[in-house]
Amino acid sequence: MSKVLDVLLQFLSSFGFACILLFLLLVLTFFGTLQQVDYGIYDVQKKYFESLFVLDDTLGFPLPLPGAALVLVLLSVNLILGGILRPRFSWSRTGVLVAHLGIVFMLTGNLVKYLFATEGNLKIYEQDVGTEYRSGEHWEIAVYQAGGGMPRREYLIPEGDFLGLERGESVTFRGEELPFDITLHDPVANALPRQADPKTVPAHLIVDGVTLRSIPLAKESEQNAPGFYVTVTDRSTGARQHDILWGAQAYPPTFLAGGASWAIDLRRQCWPLPFTVRLDKFTHEIHPRSGNKSKAFESDVTMIDSGIERPVKISMNAPLRHKGFTLFQSSYGPQDPRSNEPVYSVFAVVNDPAEDMPLYACIVITAGLLVHFTQRLTRYIRTESKRRV
Amino acid sequence: MPAASVSEGPRARLRHLAPHLHGRFFRPRAACVLVALPLALAACGESDGVVGITSSRVVASPRPVLLGASAAERLGLNPEPAPATGAGLFAWDVPEGWEELPATSQRVANFRVGGHPEAECYLSVLSGTGGGLAANINRWRQQLSLPEASSAELASLETIPMLSRQATLVQLQGTYAGGPDKEPRAETMLVGAIHGGEGAPFTIFAKLLGPAAVIAPQLPAFKQFCASLRVADRLHAGIEGGGAVSGTSAGGGPGSESGFDPSSLRWKAPASWVKRPERAMRSVTYAPAAESESECYVAVLGGAGGGREANINRWRQQMGAPPLSDTEIEALPTIDVLGSRATLVEVTGTYAGMGGEAKGQYMMLGVVCVLPSYSVFVKMIGPETEVKAERSNFIAFCQSLES
């Protein structure tokens with residue numbers, strides 16, 4: 001047994017294994033890129049780069065491959081074991097060791113980003129303020145009092161708890177502070193609501209004369225709008241109320257329970273900003289004689305944090321960075337505004353705790369390689385000098 | 001620490017370098033716990049198939065909510081065009097000389113005023129306090145290059161009637177720098193009315209803006225517009241003084257043409273019936289007794305409300321009964337309701353309900369009363385024995401409706 005472990009460790013720390021892993025990363029990148037022709041970038045990323053295993057069919061037959069997540073984990077193991085076990089510890093190999101540590105540091109930064117970073121969009125009209133940003137891919141259900149004042153507490157159900165629901169299944173949610181239970185049932189992966197036709201039997205239930213129609217899934221998964229039927233059960237009276245949740249709904253359904261009006265909101269997952277952004281002015285330049293082609297657009301905003309206001313200009317290559325958040329100028333609308341129609345600016349917001357780790361990793365790798373190459377050069381010069389003498 | 005020799009295996013080298021790490025590396029029992037612990041923790045979130053809601057957050061951002069809206073309205077399917085209600089919330093009288101423009105995502109009402117391209121009036125609704133009176137007034141002042149108002153100045157502002165309460169009126173004049181073309185416009189006048197306050201479910205902003213020479217004469221029309229604002233159909237009680245109205249208030253609305261005013265709909269319920277809490281889309285809900293499974297409710301929809309035939313067949317479908325042809329529907333009995341012949345529907349069967357839960361031996365009594373601009377629906381549903389016993393009470397209740 002110990003001999004098997006020795007062989008295994010030898011293999012895991014070997015240079016040959018590192019080459020195999022790097023080759024697998026190349027293959028996954030190649031196949032993933034080809035798959036984007038038929039599938040959206042989000043689905044391909046999930047399938048090839050955020051999975052442990054993938055069954056690829058790019059070549060016309062099923063080919064099982066390790067996913068990029070597994071490959072990167074093994075690469076990290078290889079770097080750590082290879083750095084501890086294989087090299088003989090001497091000052092002459094210090095540079096190589098430092099470079100390896102830098103690569104491990106970079107991989108760790110990516111892991112931190114994968115686990116903890118959030119990305120979304122923030123849309124603000126002129127003279128309006130923004131305090132939170134929304135994901136373009138992930139969903140959540142928020143439950144809150146509809147008629148209450150501000151600030152208000154929202155109770156959140158993450159998408160992992162409801163998005164995997166299959167037809168015929170249901171799930172009930174209960175919050176200790178909520179006077180009702182929420183049951184989701186009859187899910188539709190990509191839904192379009194329509195008026196129920198009394199002459200035909202709908203595929204799904206009818207609520208208030210409206211039913212959900214199932215439509216084909218979009219290539220880009222973020223374009224799908226899921227739908228659910230929801231039943232709210234008052235825990236004290238047992239009274240039930242039914243409604244429909246739809247990802248593209250203009251307003252959430254509201255109902256009465258515990259003497260208050262409540263809303264259940266199926267929406268894109270949103271996160272709060274630790275500061276407020278007010279859009280003071282949006283400027284949009286169009287290429288002359290191009291009709292409508294954008295030349296540049298930028299936003300004059302005021303960042304308000306703890307009562308302190310700071311004017312900032314956010315443009316295409318000049319984002320706003322504050323408290324670990326980065327706001328990039330992403331887009332604007334409406335694309336063809338009528339006179340007096342309010343315009344809005346859209347910012348891409350990224351919160352990445354490991355934002356600076358790649359930079360530090362590169363510095364460490366550079367330092368390690370500099371040390372290594374300097375040592376090699378010095379040794380070469382010394383050897384050559386001795387040889388000539 | 002002695003250097004490990006090349007001939008020693010990797011495990012031996014590791015043991016030399018980090019003996020405590022080696023011990024932890026190769027302890028299978030510890031590994032089993034590490035694997036089992038997350039699984040056990042994952043199972044703790046559920047009990048009896050119910051998932052606990054454990055995450056919450058305090059937010060200060062307003063959320064757009066349309067209280068009491070039907071599913072069709074919320075989902076953008078409203079088949080009947082709302083009569084000047086702007087997203088179905090309100091109705092109003094359009095002052096003379098004002099041109100109504102399409103509503104936008106930020107403006108539930110939108111007008112060009114006095115025929116001038118730069119003179120506009122619009123209505124916005126924000127949840128909660130919408131930022132507060134002082135903040136909004138001072139933001140408007142800033143747009144007109146004016147200094148902030150003091151608390152004393154804010155307290156002395158005039159108020160005007162708007163939606164059954166007094167709204168704060170602001171009149172400002174200055175150089176406006178907030179236009180889309182970014183060009184400062186001197187001699188600009190802004191008249192604003194803010195309806196809301198602490199604890200209000202939402203705050204309404206009416207704003208009149210444009211060249212002072214055009215806006216000043218429009219002040220009486222603006223006040224008239226604000227006074228004419230009323231709650232539209234199906235808005236649940238959320239505005240103080242509005243009450244649980246079931247239609248537009250009197251004075252200029254479409255209902256006045258037919259003589260039927262949904263907001264003044266009255267009825268006489270049988271003495272034994274018990275009133276139940278208000279529900280969205282319903283003018284009133286009753287039950288034959290406090291603990292009864294049966295319910296009877298009244299709903300008023302604008303226009304045809306989907307049509308008599310469509311609604312009757314939808315009710316029949318809920319009861320598992322086949323649809324009727326137009327001829328068969330014409331042959332159904334009728335009763336006098338609100339001065340009109342209303343179709344009476346009686347169906348027994350298995351009630352599918354909206355949650356898909358089937359209830360056998362149920363009965364539905366329904367009345368569809370189609371008026372020129374509204375449709376009134378009265379529906380009673382419950383166990384067959386209960387509803388059958390209440391048939392005469394149901395008909396009397398329908399015939400008692402008046403406005």
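**Salt bridges and surface charge in a two-chain model**

With a relative accessibility of 3%, R267(A) counts as buried. The structure in which this residue sits is a predicted model. The side chain of R267(A) forms a salt bridge with that of E154(A), at 2.8 Å from N to O. R267(A) belongs to strand β14 (residues 260–286) of chain A and E154(A) to strand β5 (residues 152–158) of chain A, so the pair ties together parts that lie 113 residues apart in sequence. E154(A) is likewise buried, because its relative accessible area is 0%, under the 20% limit for that class. A network of salt bridges links E154(A) and R267(A) with E140(A).

Over all chains, the structure holds 25 salt bridges. Side chains of opposite charge can pair when their charged atoms come close. In chain B, one such contact joins the side chains of R266(B) and E402(B), with an N to O distance of 3.7 Å. This pair links distant parts of the chain, 136 residues apart: R266(B) is placed in the loop between α10 (255–258) and β13 (274–275), and E402(B) in the segment after α14 (391–399). R266(B) is partly exposed at 42% relative accessible area, and E402(B) is partly exposed at 43%. A salt bridge of 2.9 Å, N to O, is formed by the side chains of R341(B) and D336(B). Here R341(B) is partly exposed, with a relative accessible area of 48%, and D336(B) is also partly exposed, at 43% relative accessibility.

R93(A) is located in the loop between α4 (68–84) and α5 (94–116) of chain A and is partly exposed, with 38% relative accessible area. Q10(A), in helix α1 (residues 2–12) of chain A, counts as partly exposed at 38% relative accessibility. The C-alpha atoms of Q10(A) and G82(A) are 8.7 Å apart in space, although 72 residues separate the two in sequence.

Chain A contains 6 helices and 19 strands, and 45% of its 389 residues are buried. Among its contacts with a separation of 6 or more, 54% are between residues 24 or more positions apart. Chain A exposes about 20700 Å², of which carbon and sulfur atoms supply 60%. Chain B has 14 helices and 19 strands, and buried residues account for 48% of its 403 residues. Of the contacts in chain B between residues at least 6 apart in sequence, 53% join residues at least 24 apart.

Terms used. Residues are numbered from 1 along each chain as its sequence is written. Chains are lettered from A and ligands numbered from 1 in the order in which they are written. This is a predicted model: local features need pLDDT of at least 70, side-chain atom pairs count only at pLDDT 80 or more; totals for chains, interfaces and linings use all residues. Side-chain values use heavy atoms; hydrogens and water are left out. Helices (H or I, at least four residues) and strands (E, at least two) are DSSP runs, numbered from the N terminus. Buried means under 20% relative accessible area, exposed over 50%, partly exposed in between (1.4 Å probe, protein chains only). Contact means heavy atoms within 4.5 Å. Accessible areas come from the Shrake-Rupley method with a 1.4 Å probe; for residues, only the protein chains shown count as cover. A salt bridge is a side-chain nitrogen of Lys or Arg within 4 Å of a carboxyl oxygen of Asp or Glu.
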